[in-house]
2 protein chains.
Amino acid sequence: MKKTLTALCAILIAAPATANVPPAQPRPTLENQADMALANDGVAWDFVEGITTEVGQRQAGTEAEARGRAWAVQWLRANGFANVADEPYMMSTWVPGEPGRAEIVSPFPQSLAVAPLGDTASTGPEGITAEVVMFRNVAELVAAPEGSLKGKIAFVSNTMTPTQDGSQYGFAGPTRWVAAGIAAQKGALATVIKSVGTDDHRNPHTGGTTFPEGVTPTPAGALSNPDAANLERMFARAKGKPITMKLVLTPRFLGETQSGNVVGEIVGRNPSLPPVLLACHLDSWWLGTGAIDDGAGCAIIAAAASRVAKAGQPLRTIRVLFAGAEETGLWGSKAYSAAHIDEPIAVGLESDFGADRIWRFDSNFRETNPALHKKIAAAVARFGVSSGNDVATGGADINIVRDQKGALIDLQQDGTRYFDLHHTPDDTLDKIDIVQLRQNVAVWTQVVGILANEPAPILTGAPSPSAPPIM
Amino acid sequence: MKKTLTALCAILIAAPATANVPPAQPRPTLENQADMALANDGVAWDFVEGITTEVGQRQAGTEAEARGRAWAVQWLRANGFANVADEPYMMSTWVPGEPGRAEIVSPFPQSLAVAPLGDTASTGPEGITAEVVMFRNVAELVAAPEGSLKGKIAFVSNTMTPTQDGSQYGFAGPTRWVAAGIAAQKGALATVIKSVGTDDHRNPHTGGTTFPEGVTPTPAGALSNPDAANLERMFARAKGKPITMKLVLTPRFLGETQSGNVVGEIVGRNPSLPPVLLACHLDSWWLGTGAIDDGAGCAIIAAAASRVAKAGQPLRTIRVLFAGAEETGLWGSKAYSAAHIDEPIAVGLESDFGADRIWRFDSNFRETNPALHKKIAAAVARFGVSSGNDVATGGADINIVRDQKGALIDLQQDGTRYFDLHHTPDDTLDKIDIVQLRQNVAVWTQVVGILANEPAPILTGAPSPSAPPIM
C-alpha cells in the first residue's frame with residue numbers, strides 16, 4: 001500500500017491551493033490531516049458543543065428543529081462550505097405533550113418514570129386507570145388470546161444487554177417497535193414497556209412505534225429500566241393480586257408542518273463527477289439535547305469534510321446532508337431521495353451511532369471493487385480499524401443511495417455505551433469522549449479523502465445485497 | 001485475640017437456646033453468623049427489596065412515610081423483634097409540589113432538569129422569569145455586593161469530586177446548604193445550583209437548605225450536573241448578553257403533621273444494662289425510592305441484629321431505631337432523644353451511607369477503652385476493615401447518644417459511588433450490590449455481637465471530642 005499512498009500524496013501535493021491553506025506552507029497531505037484530527041481536532045467538538053448548548057433538543061417538525069437548521073446553516077457557512085441550503089419538505093408532526101406520569105394505584109402505590117413513545121395517542125389529561133398485565137417479551141404478548149387485554153394496560157418487559165456492534169437492538173427493539181400495536185389488536189387500552197436500553201437510570205428511552213394498518217393508535221410509553229424492574233418485582237410480591245396503574249400521557253399530532261434538510265458542499269475539481277455523500281441527522285428526541293444522537297454524527301462528517309479540503313481541493317464534490325426528522329420516520333431521508341433521485345451519488349456514508357471509537361469498516365463493494373476496499377482498509381488500519389466481512393447497509397439517512405442501488409460504506413462505531421443513552425434525557429454533551437470523537441474525525445477524513453479523490457466509479461457491478469436500515 | 005474470641009465463644013455456647021435455633025444443632029457462634037452473612041445473607045436484601053417495591057419513596061411527614069412505618073413495623077414483627085412500636089411526634093412538613101421546570105428563555109431557549117430544594121418557597125404555578133447571574137462557588141456569591149442580585153436568579157455552580165470517605169461533601173455541600181439564603185439576603189428572587197453530586201445524569205440532587213433568621217425563604221432548586229454544565233457553557237457563548245430563565249417550582253408547607261420513629265428490640269439476658277442502639281432512617285426524598293438512602297441502612301442493622309440473636313441471646317438488649325424525617329431536619333432523631341434522654345445508651349451506631357463495602361472502623365473510645373477498640377478491630381479485620389484514627393461522630397439519627405455524651409462507633413462505608421445517587425431519582429434498588437450489602441451485614445453482626453455481649457461499660461471516661469453530624 002505504500003506505493004499507492006505515495007502516489008495519492010503526489011496528487012494531493014499537485015492540487016491547487018485552497019483559501020484555508022497559506023500557499024507558502026508545505027501542503028499537509030490527507031494522512032497528515034487525519035493524524036492531526038486524531039491529535040487535536042476541535043472542529044467536531046465546536047459543532048456538537050455549539051448545537052447542544054445554543055439549541056438543545058430538536059424534536060422533528062418543531063420550531064426547535066428549525067432553530068437547529070438555522071444554526072447549522074450558519075455554522076456550515078462560517079466553516080467554508082459552499083452551496084449551503086435548507087431544503088424544505090412537509091411532514092406529519094407528533095409532539096410529546098406534558099411530561100408523562102405513571103402511578104401504581106394499588107397494591108403498592110408509587111410513581112414510575114415514563115415517557116411517551118413516538119406516534120402514540122393521548123390518554124387525555126385525566127389519564128386512564130386499569131389493571132396491568134405483564135409479558136416478558138413480544139412472543140408472550142403474541143401468544144395472548146384475542147380480546148384478552150380488553151380494558152387492560154399491557155406491560156412488556158424485555159431486558160437488553162450491551163453489545164459492541166449494537167446487534168442486540170434487533171433482539172430488544174421489537175418491544176418498542178411493535179408491542180403497542182399488537183396489544184392494541186388484543187384490546188389493550190394502553191401499553192407500557194421496559195425501555196429498550198442498557199442503563200440503570202430513571203431516564204426512559206423513547207423512540208418510534210408503529211400500529212398495524214387499521215389499528216387505532218393507543219397511548220404507549222416506556223418505563224425507565226429501574227421502574228420496569230420495580231414493576232416486575234411488584235408482580236412477584238402481589239402473588240396474583242391485581243396491579244392497577246394510572247397512566248397520563250398527552251402527546252398529540254400537530255398535523256402537517258414544515259421541516260427541512262440542511263446541505264452543504266466542498267466543491268470538487270470536477271463537479272460533473274457524482275459526489276461523495278456524508279449523512280447524519282439534525283433532529284433529536286425532545287428528552288435530551290441530541291449530543292450522541294446525532295449531533296456528534298453531524299460534527300464528525302462536517303469536520304472530516306473540512307479536513308479533506310485542507311489537504312487540497314478534492315476531485316469529487318463532498319456533500320454533507322444533515323437530514324431532518326429521522327427519528328419520527330426518516331422524513332428527511334425520504335424527501336432528499338425523492339428530490340434528488342436523478343442525481344447519481346458516487347458513495348454514501350452515515351455517522352449515527354454516537355461518538356465512540358470506530359473499530360471496523362464494511363463496504364458493499366468488497367467483492368466488486370476489491371482494490372478500493374483494500375486501499376481503504378490499509379489506510380485506516382493505523383487508527384485501529386479492521387476490515388469487516390459484513391455487507392454495509394448504510395444508515396437511515398441515505399435512502400437515496402439505497403434507492404439508487406449505489407455504493408455504501410459503514411464505519412462501525414463502538415456501541416457498548418450507546419444504548420445507555422439512546423433516546424433518553426441523558427443524551428448530553430458530557431457523554432462525548434473527545435479522544436474518541438477525534439478518532440472518528442481522523443478515520444472519516446482518511447476514508448472520505450480517498451473516496452473524493454477516486455477518479456473511477458466506486459461501485460463496479462451490482463452492490464452486494466443488504467438488509468434495510470434500522471432507525 | 002484468639003484467647004479472647006475463644007472465651008467469647010464459650011460464653012455464647014453456654015447461653016440458653018433461643019427460639020430461632022433448634023436445640024439439637026450445635027449452636028452457631030457469632031463468628032459463624034458473621035461469616036454466613038458474608039456468604040449468603042438474604043435478610044437485608046429482603047428488607048430493602050421489600051420497602052422499595054411495596055412502599056417506594058417515603059417523603060418525610062407524608063402518608064408515604066407513614067406507609068413505610070407500617071411496613072417496617074410488620075417486617076420487624078415477622079422477623080422476631082420484640083417491643084416493636086411506632087413512636088409518634090409532630091413535625092413541620094414540606095412537600096415538593098409539581099415536578100420542577102426551568103427553561104432558558106433567551107438567548108438559547110431550552111429546558112433544563114431541576115428539582116426544588118427542601119424548605120424552599122414556591123414560585124407559584126406561573127413561575128418567575130429573570131436574568132441569571134452565575135457564581136462559581138459560595139465564596140464568589142458571598143463577595144457579591146449587597147442588593148446586587150435584586151430581581152435576579154442566582155446560579156451557583158460548584159463541582160463535586162467523588163471521594164471514598166465522602167469528605168468532599170463538606171467542600172461542595174455549602175452550595176446547597178447556604179447559597180439560597182445568602183442570595184436571598186442580596187435580593188435574589190430565586191436560586192439554582194449545580195447539584196451536589198458526582199454523576200453525569202439528568203437527575204437533580206435535592207436536599208435541604210436553610211435561610212438565615214429573618215430572611216424570607218425564596219424558591220431554590222438544583223439543576224442536574226449536565227444541565228448546570230450546559231448553563232455554564234451558555235454563559236461562555238453568550239459573551240455578556242443576558243441569560244434569562246423561567247423557573248417554576250411549587251413546593252409548599254403542609255403545616256404540622258404526624259411522623260414517627262419505628263423501634264424494635266432483640267431483648268438481652270440482662271435488660272437492666274444499657275442497650276446497644278443501632279440507627280438508620282426510614283424516610284427518603286420523594287425523587288427516588290430510598291434504596292441506598294437509607295433503606296439499605298435499615299436493612300443492614302436489622303439483619304445484623306437478627307443474626308446476633310441467632311448466635312444466642314445477647315447479654316444486652318439491641319435496639320433498632322428506624323428514625324423518621326431525617327432528611328428534612330432530623331425530626332425523628334431529635335424526638336427520640338427528647339423522649340428517651342433519661343434512658344442511658346451503652347453505645348450507638350448508625351448505617352446511612354449506602355450499601356457499599358465497609359473499609360474502616362472508628363470509635364470515640366479508642367483512647368479510653370483501648371481493649372474493646374482493639375477487640376473489635378481484630379474481629380473485623382478478616383472482612384477487610386481497618387481500624388481508623390478518626391474520632392467517631394455517629395450519624396444524624398443518634399442525637400440521643402451525642403446528647404448523652406455516650407459511646408459511638410462509625411463503620412465507614414465506601415462512598416465513592418454514593419454521591420452519584422444521593423437524593424436523586426436514581427436511588428433505586430438496582431444500585432445495591434448484594435455482595436457488598438452482605439459484607440456490611442457481616443461486619444455489623446460481628447461488631448454488634450461483641451458490643452451486646454460486653455458486660456463492662458463501653459465508654460470509660462469522657463468521649464473524645466467530635467464534630468457535629470452532617471445530614
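This is a predicted model: local features need pLDDT of at least 70, side-chain atom pairs count only at pLDDT 80 or more; totals for chains, interfaces and linings use all residues.
Tutor: Side-chain values use heavy atoms, leaving out hydrogens and water; residues are numbered from 1 along each chain as its sequence is written, and chains are lettered from A and ligands numbered from 1 in the order in which they are written.

Student: Which helix gives the most residues to the side of chain A that touches chain B?

Tutor: Two elements of chain A give two or more residues to that side: helix H7 (225-238) and helix H3 (43-54). Helices here are DSSP runs of H or I with at least four residues, and strands are runs of E with at least two, numbered from the N terminus. With six residues, the element that gives the most is H3(A).

Student: How much area do chain A and chain B bury between them?

Tutor: Buried area is the accessible area (1.4 Å probe) lost when two parts are put together, summed over both. Of the area here, 43% is on carbon and sulfur atoms. Thr53(A), Arg202(A) and Arg237(A) supply 26% of what chain A buries against chain B, more than any other three residues. The total for the two chains is about 2600 Å².

Student: Is His373(A) buried or exposed?

Tutor: His373(A) sits in helix H10 (residues 370-380) of chain A. Leaving aside residues up to four places away in sequence, His373(A) touches Phe361(A), Ser363(A), Phe365(A), Arg366(A), Ser387(A) and Gly388(A), where contact means heavy atoms within 4.5 Å. Buried means under 20% relative accessible area, exposed over 50% and partly exposed in between (1.4 Å probe, protein chains only). At 4%, His373(A) is therefore buried.

Student: What share of the residues in chain A is buried?

Tutor: The secondary structure of chain A comes to 13 helices and 16 strands, and its C-alpha trace spans about 80 × 40 × 40 Å along the principal axes. Of the 471 residues in chain A, the buried share is 63%.
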